[in-house]
Amino acid sequence: PHFFFNSLNSVRALIYEDQDAAANMVDQLAALMRHALQSGAHDTVPLADEWQAVQAYLAIEAIRFEERLRVTMEIEVGLDTVRIPPMARQTLVENAVKHGVEPSLAGSDIHISATRHDGLVRIAVSNTGVLRTQSGSTRVGLNNARKRLALALGTRATLALDQHGGCVHAVLQLPQP
């Protein structure tokens with residue numbers, strides 16, 4: 001709801017400043033909402049579908065945060081069909097924006113990747129910054145993501161959050177199909 005409310009406020013402001021950007025933002029928001037509604041009926045979705053949803057989300061946030069949001073993305077060839085719980089990566093990217101970009105005047109670099117590593121598929125979302133123990137976060141999103149991972153993919157699927165090298169790293173590890 002917080003993201004949706006912010007997006008609508010941004011669309012409202014853009015209508016007066018840049019109608020083409022406002023129309024683009026509505027298109028991206030519709031694509032993201034469509035993915036959320038359609039994928040919610042499944043235990044897992046292809047990584048490629050999640051990738052498109054994340055790109056729509058980031059396109060919206062890029063309008064909102066402009067140069068403060070700096071993103072690099074890479075997906076290893078052959079991982080498009082790997083199945084993950086719906087919105088799992090989306091949750092991690094939203095956290096990177098909320099806790100990395102939003103509170104910083106300088107913004108944050110966010111790096112999103114999907115690779116094979118030690119017999120697992122490793123999906124990582126990193127952002128410049130530090131873990132804040134007193135951030136006011138309930139960590140509900142992360143806890144829900146962990147539970148959905150275990151239910152959909154078993155106990156070998158994990159989600160870890162740590163900090164090193166000036167960045168916060170959220171890493172999903174999934175059994176390789």
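Visitor: In this predicted model, which element of the protein chain has the lowest mean pLDDT?
Guide: Strand S2 (residues 69-75) sits at the top, with a mean pLDDT of 95. At the other end, with a mean of 80, is helix H5 (residues 140-153).

Visitor: At what angle do H2 and H3 pack?
Guide: Two numbers describe a helix pair: the angle between the axes and the distance between them. For H2 (residues 19-39) and H3 (residues 47-65), the axes lie 9 Å apart. The crossing is left-handed. The packing angle is about 145°.

Visitor: How many nonpolar residues does the contact of H2 with H3 have?
Guide: H2 brings Met-25, Leu-29 and Leu-32, among others, to meet H3 residues including Tyr-57, Ile-60 and Ile-63. By class, three contact residues are polar and two are charged. The nonpolar ones number 11.

Visitor: What volume does the second largest pocket have?
Guide: H2 and H3 each supply at least two residues of its lining. Among the lining residues are Ala-31, His-35, Asp-49 and Ala-53. By class, the lining has five polar, four nonpolar and one charged residues. The volume of the second largest pocket is about 180 Å³.

Methods. Residues numbered from 1 in each chain as written. Predicted model: local features only at pLDDT ≥ 70, side-chain atom pairs only at ≥ 80, totals over all residues. Heavy atoms only, no water. Axes fitted to C-alpha atoms, helices over the stretch in contact; angles between N-to-C directions. Helix = DSSP H or I, 4+ residues; strand = E, 2+ residues; numbered from the N terminus. Left-handed = near helix turned anticlockwise from the far one by under 90°. Contact = heavy atoms within 4.5 Å. Nonpolar A, V, L, I, M, F, W, Y, C, P; charged D, E, K, R; others polar. 1 Å grid on protein atoms, 1.4 Å probe; cavity = no way out; pocket = protein on both sides within 12 Å on 5 of 7 lines; lining within 4 Å. Points joined across faces, edges and corners; volume = space filled by probe spheres on them. pLDDT = per-residue confidence, 0-100.
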